[in-house]
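Please read it alongside the sequence and the coordinates.

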Amino acid sequence: MSNNLSKIAVLASGKGSNLDAILTAIKKGVCPVDVRLVLSDLADAGALRIARDAHIPHVLHLDPKTYENRACFDAACADAIESAGCHWVVLAGYMRILSNAFVARFPQRIVNIHPSLLPAFVGGDGVGDALRYGVKITGCTVHLVNEVLDCGPILAQKTVAIHDDDDRYSLLQRMHEAEHQLYPQILADLVQKTLVFNGRTVKITG
Ligand code: GRF
């Protein structure tokens, strides 16, 4: 049985392995969230197929090109999220930058997973940037989303070692393993516990 606070919308543009990990954790009984909506800006996103296979109640493709501008597209997405009764907006490989108006509609209720140890390597290629820079340890970060890209308060991080013989593919594999453990754990915390803020420092308590 889910309550309103456990209802989530997942926004994804890619293959959807994080969505899959969340759904697997739900099935195992270790992540008490209720995925009400999966929304993508790309018709062929793997995440949509995963959502349909899992019989998620609302599975939606909205095409940004059919909207007058970004504000209109984001407003349509936000309307869909609210209509589906979702409390949390979970970004899982959603490759669009959210407008301030969208962020303002879900204050401290949008969460993202980023493939680097923020604040290092913000932007679209956290894995490639870490490899090129030559760091020995990277990882993934779950954070709240604010108006500044990849800069919202950090909820949790998990390290991933970079090996001398790593290439993009091998590192991405281990990054995904880390993400697939961390994201469902933190979502479980978010819907069951309380966030306590001190400036941009957040503790998950209770
Ligand atoms: C993940 O690596 C995540 O960190 C980034 O986008 C990727 C999405 O992968 N934001 P998937 O679509 O969940 O497989």
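**Note on strands, a helix and the ligand site**

1. Strands E4 and E5 run parallel to each other and are paired over three bridges. Within this pairing, Leu91 has Asn112 of E5 as its bridge partner. Please note that the model is a predicted one.

2. Strand E5 comprises residues 110–114, and five of its five residues are buried. In a regular strand, side chains alternate between the two faces of the sheet. In E5 both faces are covered: Ile110, Asn112 and His114 are buried on one side, and Val111 and Ile113 are buried on the other.

3. E5 also pairs with E6, here in the antiparallel sense and over four bridges. Val111 has Leu144 of E6 as its bridge partner. Strand E6 spans residues 137–144 and is largely enclosed by the rest of the structure, because seven of its eight residues are buried.

4. E6 in turn pairs with strand E7 (residues 154–161), in the antiparallel sense and over seven bridges. In this pairing Thr141 stands opposite Gln157 of E7.

5. Helix H3 covers residues 70–83, which makes 14 residues, and its first and last C-alpha atoms are 20 Å apart, close to the 20 Å expected at 1.5 Å a residue. After the helix comes Gly85, which has a positive phi near 75 degrees.

6. The buried residues of H3 are Phe73, Asp74, Ala76, Cys77, Ala78, Ala80 and Ile81. An α-helix has 3.6 residues a turn, so residues three or four places apart point the same way. The buried residues of H3 pack against strands E1 (7–11), E2 (34–40), E3 (58–61) and E4 (88–91), and against helix H4 (100–105).

7. Which residues are around the ligand? They are Gly14, Lys15, Gly16, Ser17, Asn18, Gly93, Ile113, His114, Pro115, His176 and Glu179. Two of these, Ile113 and His114, are also among the buried residues of E5.

8. A backbone N or O atom of Lys15 lies 3.3 Å from a ligand oxygen, and a polar backbone atom of Gly16 is 2.8 Å from an oxygen atom of the ligand. Ser17 contributes a polar side-chain atom, which lies 2.5 Å from a ligand oxygen. Of the 370 Å² of accessible area that the ligand has on its own, the protein covers 86%.

Methods:
Residues are numbered from 1 along each chain as its sequence is written. This is a predicted model: local features need pLDDT of at least 70, side-chain atom pairs count only at pLDDT 80 or more; totals for chains, interfaces and linings use all residues. Side-chain values use heavy atoms; hydrogens and water are left out. Helices (H or I, at least four residues) and strands (E, at least two) are DSSP runs, numbered from the N terminus. The expected span of a helix is 1.5 Å times one less than its number of residues. Buried means under 20% relative accessible area, exposed over 50%, partly exposed in between (1.4 Å probe, protein chains only). Contact means heavy atoms within 4.5 Å. A residue is near a molecule or strand if one of its heavy atoms lies within 4 Å of it. A polar contact is a pair of N or O atoms within 3.5 Å; within protein, one must be able to donate a hydrogen and the other to accept it, and residues adjacent in sequence count only if both atoms are side-chain atoms. Accessible areas come from the Shrake-Rupley method with a 1.4 Å probe; for residues, only the protein chains shown count as cover. Two strands pair if DSSP finds at least two bridges between them.
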